[in-house]
Each structure stands twice: as C-alpha cells, then as structure tokens.
Amino acid sequence: MTSSELWSQAEADRYDDEETEMSSAAVLGPTVDFLAELTGDGRALEFAIGTGRVGVPLRERGVPVAGIEFSEHMTAVLRRKTDEETLPVVIGDMATATVPGEFALVYLVYNTISNLLTQDEQVECFRNAARHLRPGGRFVIELGVPPLRLLPPGQVAVPFDVSAGHLGFDTFDLVEQILVSHHLTRDGEDGRYRRGASRHRYAWPAELDLMARIAGLELERRVADWDGSPFTQDSTKHISVWRKPA
C-alpha cells in the first residue's frame, strides 16, 4: 500500500477550478512544448496524471499519452475531457503500477513525487519510470526546491500564498523531510474558509540524482522552469531530465 494520500471526490471535483493559473496558456504552453520535444515520435507516460491538466493538451498536440493515477475520482474528472481510447489510464500507485509497452518519455509534474512519503517509495518511482522507458528515453520531474533558507532558527512554518481568497503555509519536519501544506480557502460568498492540509516528502535535487542512479538513469539536464531558464542557487523549483542509456 502506497503512503500517498488519496484524493476524495470533492477534492477531485474542485481541483480544476482551484488550479486555473496552473491550467493557463502561459503555464501549459511551455510545459507542453518541453514535453513534446522530448517525446519526439514516441509515446509519453504521465505518472499521477490527475484530471489531465497536462496530459490532455499534450495529447491534443498529437503526442500519444497514457497515464497512471491513484485516485479513481481524479480519473473520473479526466474522463469528462477525453475517453479511454484516446488517453488510457491505469488506476494504481505510480511507484508500482505498469502500463503496456515502452515509452520515449515518462514525466511527473507539479511536485507530485512528493506525494510518496518515504524515500523507498520515491526510489521505486524512479525504478518504475526506468522500467517503462525505451533505451534513450527520458524521465522528467518538476519539483520545488525546499525553502528551508526561509526558516529562521526555531521557526517551522513558511507562508507561500497570502491572498484574498486563500491563505497557504507549509510546516516542516526537518528530521523526516516531511512538509505539510496548510490551506485556508474562501468557500462561497458568506466569508467562511475551508481548511485543508496535505503531507509531502520533500527531496533535494542531489537526492533525486542519486535515486536516478539507483534506477540506472543519468542526469541530462536541469533547468529552473519549462522555458529552459538556468537553474541557480536562487531557483525555487527545477525541471530535471534523466536519460536511460541507449
């Protein structure tokens, strides 16, 4: 049994409405361009495909896409956008579930590898990606850099959004490498807030590189965003590309 927290039907139904910025052309355009270029004339597999925020527009670009998704509720939302024949999805854990065939690209976006709450499971996720890749294929992860430099001594919380409709902050367990994202979201017109929280295991880029080596993959490229901007010590996230040797 995976340690990932399972999305409920209510969470799945409101996911797209709460992620309008991440679903905008400004975000998805460079994302799809990046992934389509790496896929070439092959097939792409998205781990934790969710509601198809990235997978559906990548498929519309003409790239054959398949997915693995842990939550049947998230997959049901995806099915409102496209059918199983067009974009097949296997229900299961991204660290162990398999999809038939070989792929030129396996990708995992928007911090989702952190949903696996143990290092062992994250290593298995890399191994599962490697199993699906053809020789020369690539595994791509989008992940935030842990903002621990923002923590003064004795503080365990970092705000990441303070806006009219949402308050968000992360709390950190520095021993277990677990962060909890806390959300207070304005729900309706009566001024009430809905509270939610989710757990994640954060990992540094160097730790991911070691996981990749364990899985037989080699780091090919690391950039700060989908537009290819350079990754520096001040970058808040990274897009990393590992390659399976030919």
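Me: Which residue stands opposite His166 in S8?

Reply: Happy to start there: His166 faces Thr185 in S8. Keep in mind that the model is predicted.

Me: What makes S7 and S8 count as paired strands?

Reply: The number of bridges settles it. Pairing requires at least two bridges between the strands, and S7 and S8 (residues 178–186) are joined by 8, running antiparallel. They also form a hairpin with 4 residues between them, and Gln177 in that turn has a positive phi of about 55°.

Me: How do you know that S6 pairs with S7?

Reply: Set the count against the cut-off once more. With at least two bridges needed, the 6 bridges joining S6 (residues 157–163) to S7 qualify, and these strands run antiparallel. Ala157, for example, has Thr171 in S7 as its bridge partner. S6 and S7 form a hairpin as well, with 2 residues between them.

Me: Why is Asp173 called partly exposed?

Reply: Asp173 has a relative accessible area of 33%. Buried would mean under 20% and exposed over 50%, so a value in between is called partly exposed. This residue lies in strand S7 (residues 166–173). Leaving aside neighbours within four places in sequence, Asp173 is in contact with Ile178 and Tyr202.

Me: Where is Ala48 found?

Reply: Ala48 is in the loop between strand S1 (44–47) and helix H3 (55–60). Ala48 also has a positive phi, near 55°, in a residue other than glycine.

Me: Why are S3 and S10 said to stand at the edges of their sheet?

Reply: Follow the order of this open sheet of 7 strands: S3-S2-S1-S4-S5-S11-S10, with mixed pairing. S3 (89–91) and S10 (218–223) each have a single partner strand, so one side of each has no neighbour in the sheet. On average, neighbouring strands here are turned by 20° against each other, direction ignored.

Me: Which strands pair with S11, and over how many bridges?

Reply: S10 pairs with S11 (residues 237–243) in the antiparallel sense over 5 bridges, and S5 pairs with S11, also antiparallel, over 7 bridges. Both counts meet the cut-off of at least two bridges. Val241 of S11 is the bridge partner of Arg221 and of Val140. Arg243 in S11 is the bridge partner of Glu218.

Me: What makes S11 largely enclosed by the rest of the structure?

Reply: Count its buried residues: 5 of the 7 in S11 are buried, so the strand is largely enclosed. Buried here means under 20% relative accessible area. H6 lies across S5 (133–144), S10 and S11, running at about 15° to S11. An angle under 35 degrees counts as roughly parallel, so this one falls in that class.

Me: Why are H5 and H6 called oblique to each other?

Reply: H5 (residues 119–132) and H6 (residues 205–214) pack at about 55°, their axes 8 Å apart. Roughly parallel needs under 35 degrees and roughly perpendicular starts at 65, and H5 and H6 are therefore oblique. Their crossing is right-handed. The contact is made by Gln119, Gln122, Val123, Phe126 and Arg127 of H5 with Glu207, Leu208, Met211, Ala212 and Ile214 of H6. By class, that gives 6 nonpolar, 2 polar and 2 charged residues.

Me: At what angle do H1 and H4 pack?

Reply: H1 (residues 9–18) packs against H4 at about 40°, with the axes 8 Å apart. H1 passes H4 in a right-handed crossing. Gln9, Ala12, Asp13, Tyr15 and Asp16 in H1 meet His73, Met74 and Val77 in H4. These residues divide into 4 nonpolar, 2 polar and 2 charged.

Key
Residues numbered from 1 in each chain as written. Predicted model: local features only at pLDDT ≥ 70, side-chain atom pairs only at ≥ 80, totals over all residues. Heavy atoms only, no water. Axes fitted to C-alpha atoms, helices over the stretch in contact; angles between N-to-C directions. Parallel < 35°, antiparallel > 145°, perpendicular 65-115°, else oblique. Left-handed = near helix turned anticlockwise from the far one by under 90°. Contact = heavy atoms within 4.5 Å. Nonpolar A, V, L, I, M, F, W, Y, C, P; charged D, E, K, R; others polar. Buried < 20%, exposed > 50% of the residue type's maximum accessible area, 1.4 Å probe, protein only.
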